[in-house]
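Hi there,

Here is the structure I promised to pass on to you. Have a look at it first, and then read my notes below.

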Amino acid sequence: EKITLTYWCWLKDAQKVADIWNASHPQVQVEVVWIPGGNAGGYQKLYSALAAGGGPDLAQVEMRSLPEFMLVNGLVDVARYGAQDYAHLYDQTLWGQVSFSGGVYGIPQDSGPMAMFYQPAVLDQVGGTNPGTWDEWAALARELRKKDVYLDCFPLGDASVFTAFAAQAGASWLRPEEDGWVINMTDDATMKVARFFDQAIDEDLVQTAFGAYSPGWFAAAAKGTIASVVSGSWGDALIEGVSGGSGKWRVAPMPTWDGSGFGSSYLGGSTAAILANSKHPREALEFAVWMTTSREGIDAEITNSGIGWSPSPDFIGTPRQAPSEFFGGQSYHQEIFVPAARQQNEDWSWWPVTQQSFNILSDGFRKKASGTSLVDSVAAAEQQIMTVFRNKGLSIRKEAS
């Protein structure tokens with residue numbers, strides 16, 4: 001019999017993607033409903049629908065938010081419908097981020113491997129080149145400050161950026177074990193990153209008044225008083241909004257932590273998750289896999305929805321194989337982001353109170369202006385996050401050092 005799947009997501013024009021599937025699958029049609037992005041209201045709609053016994057068959061859920069939906073039994077373990085048969089089609093680091101305790105709770109839809117977007121002409125003011133290490137980055141930032149230019153921002157109100165830097169350095173804050181969760185946010189890798197940015201802020205090497213892609217950032221980037229941004233691959237589309245920026249930007253690998261850690265990190269990333277009240281989980285899984293691994297699905301997502309980095313290691317998407325006029329003819333997807341996607345911290349995993357953890361960290365970071373260090377804020381956040389776990393009835397212990 002003919003069935004109709006519902007798919008809730010915040011991707012623009014996602015129905016155009018579904019229409020390609022619909023044309024060749026007359027018995028399994030997909031209807032897309034737009035919702036606000038994640039924590040901007042979309043998740044609340046999903047939680048409310050689940051609590052009422054309804055909701056869509058599929059929904060866009062960020063990788064970092066999967067465990068929070070698992071906590072309310074909101075997701076289907078699609079391993080029971082053969083999801084493991086498709087594991088080889090996906091980047092294995094991403095597959096690891098949707099896999100918990102032998103189950104699979106989402107299909108990777110996109111990710112955000114990180115790199116450095118920069119303006120060569122601004123760096124040329126001090127004879128600088130794109131830095132290979134974070135120490136070189138700091139040295140370049142000091143030279144640019146003499147020209148009243150910031151190399152980059154450090155958003156005190158968005159802990160996800162610091163988290164990505166810590167993951168790159170080799171941190172793995174929380175991991176699930178049979179008897180509960182183990183936490184370690186004061187490991188050497190995290191403390192190194194915290195000390196580094198404590199010093200960068202103290203020396204006024206980074207702009208903390210606004211974050212990347214804010215109105216203030218776009219104005220500064222257009223004037224050349226912000227030289228670069230270390231960001232996820234999806235940042236390219238936003239940077240193309242910089243006034244007069246065409247031809248003035250390039251992409252380089254993310255700076256590394258002096259030979260330790262990893263070549264890149266992830267900032268962002270979503271899944272197509274099958275929700276608990278779906279009456280057609282097997283067909284929903286088939287659509288999710290088609291959308292995220294087939295050439296027509298990936299190309300349609302890029303063209304219509306501006307999707308982030310493809311989760312398929314074998315196909316980055318036809319539109320991303322051509323040189324970019326905006327980025328000076330650079331084929332940066334192939335040159336920079338293909339290697340970056342392979343240089344990730346495979347040990348990193350998300351946990352059930354991720355957003356609350358980010359809020360706690362951000363609240364601590366905002367106190368930097370009043371003299372509280374990032375190092376102290378991270379240590380304090382660790383204790384608060386342990387309390388949040390216990391308040392939710394979850395077992396957690398500090399990793400022995």
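**Strand E13 and its partners**

Strand E3 (residues 58-62) pairs with strand E13 in the antiparallel sense over 5 bridges. Strands here (E, at least two residues) and helices (H or I, at least four) are DSSP runs, numbered from the N terminus, and two strands pair if DSSP finds at least two bridges between them. In this pairing, glutamine 60 has alanine 272 of E13 as its bridge partner. E13 also pairs with E6 in the antiparallel sense, again over 5 bridges. There, proline 108 has threonine 271 of E13 as its bridge partner.

Is E13 mostly covered or mostly open? E13 (residues 266-274) is mostly covered, with 8 of its 9 residues buried. Buried means under 20% relative accessible area, exposed means over 50%, and partly exposed is in between (1.4 Å probe, protein chains only).

**Before you read on**

This is a predicted model, in which local features need pLDDT of at least 70 and side-chain atom pairs count only at pLDDT 80 or more, while totals for chains, interfaces and linings use all residues. Residues are numbered from 1 along each chain as its sequence is written, and side-chain values use heavy atoms, with hydrogens and water left out.

**The chain as a whole**

How many helices and strands does the chain have? The secondary structure comes to 15 helices and 14 strands. The radius of gyration is 21 Å, close to the 21 Å that the globule rule gives for 401 residues, so the chain is as compact as a globular protein of that length. This radius is taken over C-alpha atoms, and the rule is 2.2 Å times the number of residues to the power 0.38. Along its principal axes, the C-alpha trace spans about 70 × 50 × 35 Å.

Of the 401 residues, 57% count as buried. Among contacts (heavy atoms within 4.5 Å) between residues at least 6 apart in sequence, 75% join residues at least 24 apart.

**Helix H12**

Helix H12 (residues 295-305) is mostly covered too: 8 of its 11 residues are buried. Among them are Gly297, Ile298, Asp299 and Glu301. The cover over the buried residues of H12 includes H1, strand E6 (107-118) and helix H11 (281-293). After H12 comes glycine 306, whose phi is positive, near 60°.

Aspartate 13 has a phi near 55°, a positive value in a residue other than glycine. You will find aspartate 13 in the loop between strand E1 (3-9) and helix H1 (14-24). Asparagine 73 is another residue other than glycine with a positive phi, near 55°, and its place is the loop between helix H3 (66-71) and helix H4 (92-97). Aspartate 13 is partly exposed, with a relative accessible area of 40%, whereas asparagine 73 counts as exposed, at 63%.

Strand E8 (residues 174-177) and strand E9 (residues 180-183) run antiparallel and are joined by 4 bridges. A hairpin connects E8 to E9 through 2 residues. Leucine 174 stands opposite isoleucine 183 in E9. E9 also pairs with strand E14 (residues 396-398), this time in the parallel sense and over 3 bridges. In that pairing, tryptophan 181 stands opposite isoleucine 396 in E14.

Which residues does threonine 190 touch? Not counting residues up to four places away in sequence, threonine 190 touches Phe162, Ala166, Ala171, Trp173, Met185 and Val378. Threonine 190 is found in helix H8 (residues 188-202) and is buried, with a relative accessible area of 0%.

Valine 353 sits in the loop between helix H13 (332-341) and helix H14 (354-365). Valine 353 is also buried, with a relative accessible area of 2%. Leaving aside its neighbours within four places in sequence, valine 353 is in contact with Glu68, Val388, Phe389 and Lys392.

Enjoy exploring it!
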